[in-house]
Amino acid sequence: MAADHHTVDDGGEGLPLPTTIASGAVAAAVLLPLVWLVRTALNVGLDGAIAISTRPATVQVFLNSAALVVVVTAASVLIGVPFAYLTVRTDLPFRRGVTVAVSLPLVIPSYIGAFAFVSAFGPQGAFQRLLAPLGVERLPDIYGFTGAALVITLYTYPYVFITTRAALKSLDTTLIDAARTLDHGRWRAFRRVTVPQIRPAVTAGSLLVALYTLSDFGTPAIMQFDAFTRVIYVEFTSFGRDVASLLSLQLVAVTLLILGLESHVRGNEPLHAGQQGGRTGGTVRLGPWKYVAFAACLAVAGLALLVPLGILLTWLARGGAEVGNALAFRSEYAINSVGVAVGAALVATVVGLPVAYLAAGYRSRLADAFERATYVGYAVPGVVLGLALVYLGTSYARPFYQTVYLLVAAYVIRFLPQAVGSMRASFLRVNPALPEAARTLGRTSFGAFRAVTLPLIAPGLLGGAALVFLTTMKELPATLLLRPSGFKTLVTHIWTATESGYYGHAAVPALILLGVSGLSMLVILSQEGYDVK
Amino acid sequence: MSNRTMHATNGTVDRRTDTDGTTVLELDGVDKSYGSERVIEELSLSVEEGEILTLLGPSGCGKTTTLRLIAGLERPDAGTVVLNDATVSGTDRFVAPEDRGVGVVFQEFALFPHLTAAENVGFGLEGWSDEDRKARVDELLDLVGLEAQGDSYPDELSGGQQQRVALARSLAPEPEVLLLDEPFSNLDVDLRVQMREEVRSIIKKTGVTAVSVTHDQEEAMSVSDRVAVMNDGRIEQVGDPEQVFQQPESRFVAGFLGHASFLPGYVHGGEVTTGLGPIPQSQINGLASTYDRTRIDVLVRPDDIKAMPVDGDAADGRIVSRRYLGPTILYEVRLDDETSVQCMHNHDESIPLDTRVRVELDSDHELAWFPGDQRPAEVSDSR
């Protein structure tokens with residue numbers, strides 16, 4: 001009885017009015033800061049805009065970011081796809097363990113990785129000190145492009161690895177068998193059958209990598225590499241508002257370009273295989289090469305995992321009392337972090353609920369548009385969103401500027417899609433006949449929602465809230481731009497410590513954040529039923 | 001469509017003989033479209049107190065939508081729905097589903113997975129005192145034979161038990177009308193037949209008026225007091241099961257309820273000349289004299305005719321296909337005038353393909369017929 005329900009062709013006719021209004025208001029609130037950013041940029045005027053955009057420094061920033069995105073994405077594909085193939089299709093030793101190890105770098109926020117690498121491989125870092133007895137005075141410079149590209153790649157390639165793995169696992173291997181009976185060698189079969197089938201997944205993973213690279217603030221900042229995000233922040237803090245807002249718009253434009261490119265590359269090929277539950281057997285025997293492959297996997301995962309852990313634990317063991325109390329860790333920072341994260345999680349859940357409900361229950365363009373709008377905050381780099389809210393706050397919401405409220409608003413706009421996505425998925429799992437049954441048994445539509453739908457979506461609600469909580473804990477750029485003066489959190493403390501070069505003081509908050517990240521990974525895995533078999 | 005069938009298409013014809021019951025539910029000129037697709041067209045139907053009426057039709061014919069319109073889960077674009085003399089859907093009136101007093105048994109049962117069987121049954125008893133509610137829940141669990149399963153959650157119950165909980169839940173608030181949406185489609189074949197009997201007897205025990213929906217003609221025949229055959233958003237015929245089966249008012253109804261062959265014939269001199277030879281006019285149901293000297297199609301069911309292997313001139317057709325159905329064999333005979341008829345034989349009467357046969361009418365009831373000039377392009381055989 002539920003198959004064909006709630007199809008609303010277009011316009012908003014047939015949608016429940018209060019939910020639609022609430023949902024529309026949320027969408028508008030998410031879009032407002034960006035509108036404001038555009039306004040600020042327009043104030044510069046056309047001539048000014050052209051002058052700023054074409055000056056060599058700006059062009060250089062664009063080229064820097066573009067190069068970083070291209071190199072990191074390419075490197076991630078080169079690492080992620082072979083690793084995925086190795087762990088799904090071959091007789092690699094300890095496949096399950098390798099899969100976990102190779103996925104784990106995703107858990108480490110890249111700025112923690114960056115600061116660990118700087119303190120390990122910096123010209124006079126921990127590694128140099130280890131090598132000093134051998135007469136090594138200075139290591140080659142890790143700062144700049146090399147360091148940024150290396151670190152971001154190490155912590156983002158798992159996106160490609162995970163999406164490719166999923167595609168490979170659902171791939172029907174009888175297709176490959178078929179190709180081989182048609183006189184294709186293993187390599188040709190891979191190229192002509194497997195590659196087209198997994199291409200959408202590889203592209204999707206690459207998109208995540210590219211967007212992350214473009215929006216990453218911490219790594220370029222720590223590596224002192226002039227990518228968009230770093231220059232925007234530097235300009236902003238040195239009162240270059242015009243430049244900052246114009247660069248922000250350029251960054252948004254590049255983001256849109258990448259999104260467009262992705263849908264072009266992915267194409268519209270439908271994926272038929274795997275749905276009928278085809279056979280997925282037939283491992284490729286690697287022979288002695290399997291040890292080489294195994295070593296390669298461990299080397300990459302080891303580099304990404306052991307360097308930060310080793311550095312952090314070393315700092316922790318050594319204690320960080322060299323510079324008095326100004327930089328010492330205080331539990332107040334953790335409490336602040338938890339406070340704003342709880343706030344963001346609660347607000348995102350409440351605000352996302354009508355959007356998710358509408359998007360899941362009604363096939364309507366309006367409902368879809370509202371849902372898409374909430375994703376804008378996700379695609380826009382945090383530094384841009386922070387900046388937009390600074391402008392909005394200083395001109396129109398003065399009482400809120402430099403308050404915790406504006407900070408929480410920024411988190412909500414940025415991470416709302418996590419809550420909406422999780423809730424939407426759980427709404428979709430509720431058979432629409434259930435609330436209908438409740439109505440025929442005498443409940444009003446709200447009563448049916450409360451008695452039936454709400455208890456059933458509770459896990460999704462919680463999962464979404466947990467995800468927002470955990471990602472908020474780790475958020476860096478918007479926190480830096482919007483926090484009230486004197487308000488310190490775990491991430492701002494790490495930032496201050498690394499900026500002033502006293503890495504040791506970042507050890508405790510960084511280890512706490514690693515724990516937080518690990519937890520958020522667990523939430524994601526339990527939500528999606530991801531298995532490593 | 002012939003003039004004979006035209007008057008039945010709006011569904012106002014009710015050939016039921018014992019019409020002393022009061023009308024509980026009435027649909028009048030109901031229309032419903034989704035976008036540009038018209039799902040229900042000018043549908044009218046009345047249901048009397050205590051009867052079980054089944055809407056029977058192929059998937060996509062609008063029967064489930066009709067049920068949703070009655071329940072108030074959809075709003076009609078035009079027309080009225082009247083429940084116990086009160087308009088519940090009309091031009092400017094729409095009563096919410098929770099205020100209609102209809103019970104619904106959903107296709108997948110729609111049991112609340114987070115509540116026990118007893119809590120499910122008691123769900124509609126909001127506002128009752130704890131004592132009364134418990135008594136009512138026990139009474140219903142008893143009625144459906146699940147006294148011991150009250151504390152089980154839906155996923156701990158078998159399909160048949162879930163079906164019973166769903167039925168008990170919808171009956172608990174004493175609805176004016178009980179609606180059942182493909183109630184047996186989720187059950188295994190064996191269980192389906194058993195549950196039909198059970199559900200019918202439970203409904204009859206409570207005396208509630210019921211409207212059921214199915215695409216299974218056997219289910220419709222065995223469960224209902226009356227059957228309304230739907231096609232393409234309209235009701236083609238309403239009547240008791242025998243009537244609808246034996247005297248279909250349209251070719252669609254004839255084809256949808258069991259195998260049907262249409263035998264072309266010419267009416268002349270008290271006989272209908274067909275490929276099987278002449279059939280006396282008295283054996284054709286209500287063939288008026290106005291159809292004298294016209295072409296008609298006589299409806300023959302596979303059990304109405306028999307094929308016998310014969311030699312030479314006595315034969316009038318040839319076996320072109322055979323379908324082995326277990327207890328019976330269904331033969332298709334191509335008559336010499338190129339019409340095809342199907343006949344059903346016992347499984348032990350085996351006739352090889354291509355055998356010349358003589359087909360004979362072997363029926364003790366009157367046959368239905370349709371005017372021949374409006375023969376549809378494609379004869380439907382939906383079985």
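## Two domains in chain A

In chain A, the C-alpha centres of domain 1 and domain 2 sit 23 Å apart. Before going on, note that this is a predicted model, where local features need pLDDT of at least 70, side-chain atom pairs count only at pLDDT 80 or more, and totals for chains, interfaces and linings use all residues. Residues are numbered from 1 along each chain as its sequence is written, while chains are lettered from A and ligands numbered from 1 in the order in which they are written.

Domain 1 of chain A covers 33-318 and domain 2 covers 319-533; such bounds come from an automatic or database domain assignment. Where they meet, 37 residues of domain 1 are in contact with 34 residues of domain 2 (contact: C-beta atoms, placed from the backbone, within 7 Å). On the domain 1 side, α12(A) hands over the largest share, 7 residues. That side has 26 nonpolar, 9 polar and 2 charged residues. Here Ala, Val, Leu, Ile, Met, Phe, Trp, Tyr, Cys and Pro count as nonpolar, Asp, Glu, Lys and Arg as charged, and the others, Gly among them, as polar.

## Chain A as a whole

Chain A has 22 helices and 0 strands (DSSP runs numbered from the N terminus: H or I of at least four residues for helices, E of at least two for strands). Its radius of gyration is 25 Å, close to the 24 Å that the globule rule gives for 533 residues, so chain A is as compact as a globular protein of that length. The radius is taken over C-alpha atoms, and the rule is 2.2 Å times the number of residues to the power 0.38.

Buried residues make up 47% of the 533 in chain A (buried: 20 or more other C-beta atoms within 10 Å of the residue's own, with C-beta atoms placed from the backbone).

## Where chain A touches chain B

Across this interface, 18 residues of chain A are in contact with 23 residues of chain B. The most come from α18(A), with 7 residues.

## A sheet in chain B

Chain B holds an open sheet of 5 strands, ordered β14-β13-β12-β15-β21, with antiparallel pairing (strands pair if DSSP finds at least two bridges between them). At the edges stand β14 (277-280) and β21 (369-371) of chain B, each with a single partner strand, so one side of each lacks a neighbour in the sheet.

Strand β13 (residues 271-274) of chain B runs antiparallel to β14(B), joined by 4 bridges. For E271(B), the bridge partner in β14(B) is P280(B).

Key: Buried ≥ 20, exposed ≤ 12 C-beta atoms within 10 Å, placed from the backbone. Contact = placed C-beta atoms within 7 Å.
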